[in-house]
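This report describes the model shown below, going from the overall chain to individual positions. Please keep the sequence and the coordinates at hand while reading.

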Amino acid sequence: MEINVSNSGDSTNAAKSLYTVLNVCLPESSDNDMLLFTLDINGISASGGSACSSGASTASHVLSALETNPDRGAVRFSFSKYNTEEDIDYAVETLAEFYKVEV
């Protein structure tokens, strides 16, 4: 299973990146339209696409620039000082269960 992960900004230059925002591009799946709903009902807050295209009816120019495959699920997680390692583990486990893989 291939998962692409990128932080927001220039991933080759930490000074130009936003370390609190993480975009995860997940495998193609016929169930991807249910991904955000599944995360939500499991108590995980996440968004599809990029923040600058929130609510837009067109594809995200940010994800296009990252050359992501539109058939793959894209999820944006935002973090704060209040998130714990357990929160992240739970999100990963929920994603793994959704895609039926072991972590």
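Helices and strands are here DSSP runs, of at least four residues for helices and at least two for strands, numbered from the N terminus. In that sense Val-24 belongs to strand E2. The model is a predicted one.

## Overall architecture

The chain holds three helices and four strands, and their order along the sequence is β-β-α-β-α-β-α. Of the 103 residues in the chain, 28% are buried. The accessible surface amounts to about 7100 Å², and carbon and sulfur atoms account for 51% of that area.

When contacts between residues at least 6 apart in sequence are considered, 65% of them join residues at least 24 apart.

## Strand E4 and its partners

Strand E4 covers residues 72-78, and it is largely enclosed by the rest of the structure because five of its seven residues are buried. Strand E4 is antiparallel to E2, and six bridges join the two. Strand E3, residues 47-48, also pairs with E4 in the antiparallel sense, through two bridges.

Ser-45 is located in the loop between H1 and E3. With a relative accessible area of 66%, Ser-45 is exposed.

Which class of accessibility applies to Val-24, buried or exposed? Its relative accessibility is 7%, so Val-24 counts as buried, the limit being under 20%. Between Val-24 and Arg-72 the C-alpha distance is 9.9 Å, with 48 residues separating them in sequence.

Glu-28 is found in strand E2 as well, but this residue is exposed, at a relative accessible area of 51%. The threshold for that class is over 50%. From Glu-28 to Tyr-99 the separation along the chain is 71 residues, while their C-alpha atoms are 9.7 Å apart.

The side chain of Asn-32 reaches the backbone oxygen of Pro-27 at a distance of 3.1 Å. With neighbours within four places in sequence set aside, Asn-32 is in contact with Pro-27, Asp-71, Arg-72, Gly-73, Phe-98 and Tyr-99.

## A nonpolar surface patch

Which residues form a nonpolar patch on the surface? The patch consists of Met-34, Phe-37 and Ile-41, which together have about 310 Å² of accessible area.

Phe-37 is part of helix H1, which runs over residues 35-41. The relative accessible area of Phe-37 is 47%, so this residue is partly exposed.

Notes
Residues are numbered from 1 along each chain as its sequence is written. This is a predicted model: local features need pLDDT of at least 70, side-chain atom pairs count only at pLDDT 80 or more; totals for chains, interfaces and linings use all residues. Side-chain values use heavy atoms; hydrogens and water are left out. Patches are made of residues with over 30% relative accessible area and no salt bridge: like charges are joined within 9 Å, nonpolar side chains (Val, Leu, Ile, Met, Phe, Trp, Tyr) within 5 Å. Accessible areas come from the Shrake-Rupley method with a 1.4 Å probe; for residues, only the protein chains shown count as cover. A salt bridge is a side-chain nitrogen of Lys or Arg within 4 Å of a carboxyl oxygen of Asp or Glu. Buried means under 20% relative accessible area, exposed over 50%, partly exposed in between (1.4 Å probe, protein chains only). A polar contact is a pair of N or O atoms within 3.5 Å; within protein, one must be able to donate a hydrogen and the other to accept it, and residues adjacent in sequence count only if both atoms are side-chain atoms. Contact means heavy atoms within 4.5 Å. Two strands pair if DSSP finds at least two bridges between them.
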